[in-house]
Amino acid sequence: MTQNPQQPDDSQPRPMPPDYPAASGPQQPYGSQPPYGSQTPYGSQQPYGSQPPYGPPQSYSVSHSANGPAADRALFNSQLLPPQAFGTGSEGFWQPSPSDRSAAVWTHIGSILLGWLLPLILFLVKKDESPYVREHARQSLNFELTLFPIFFIGSIFTHTGVGLLILLAAAIVDIIFHVNGAIAANRGQGYRIPLAISMIK
């Protein structure tokens, strides 16, 4: 038994595909897209540290005058000076001018030559002007005042060998500490003289 396939009837209308709305705007053709290598690499992004800070930047630098660090009145008070104001590395704390270094050197050299007279003069002249010179003059003056009774006792007994030994020992100690102080002053460092009684604050 032969089966004849049923032929489609062309006389009936065929269903039309749905009319989809056109996409808004022209679409970018595939060939015009940027290649993969031209994209911004990850490493070229702005690093975290270079981002602008929130709010106006603050400045933490200490202002200095022509005669060294002057804006802080605490530098003129010897009792408020921190340990880093003395010894090696204290140049960054004081940052003295060349003229202040020279004046601080003379507070020690003058003590060797004239005793307490020159450091007293420099202390009175610079005590409200330069904290660096003030501190060196104060150290020199306190040390000379500390040695004064020793020199006085030694001068009383100069007719004996004991008095001469006292004067010689006091003079050697005086020269050694003041030479060290002059070297530190020339380097821009603070210097605390050992054995000096802090009579002048």
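1. Basis. The model is predicted: local features need pLDDT of at least 70, side-chain atom pairs count only at pLDDT 80 or more, and totals for chains, interfaces and linings use all residues. Residues are numbered from 1 along each chain as its sequence is written, and side-chain values use heavy atoms, with hydrogens and water left out.

2. Overall content. The protein has 5 helices and 0 strands (DSSP runs numbered from the N terminus: helices H or I, at least four residues; strands E, at least two). Of its 201 residues, 28% are buried (under 20% relative accessible area, with exposed over 50% and partly exposed in between; 1.4 Å probe, protein chains only).

3. The faces of α3. Within α3 (residues 117–126), the buried residues are P119, L122, F123 and K126. Viewed down the axis of α3, these fall within an arc of 105°, so they line one face of the helix (the arc is that of the directions from the helix axis to the C-beta atoms). The exposed residues L124 and V125 lie on the face turned away from the buried side.

4. Packing partners. The buried residues of α3 pack against α2 (98–114) and α4 (131–156) (contact means heavy atoms within 4.5 Å).

5. Geometry with α4. The two helices α3 and α4 pack at an angle of about 150°, their axes 9 Å apart (axes are lines fitted to C-alpha atoms, for helices over the stretch in contact; angles run from 0 to 180 degrees between N-to-C directions). The contact comprises P119, L120, L122, F123 and K126 of α3 with V133, R134, A137, R138, S140 and L141 of α4.
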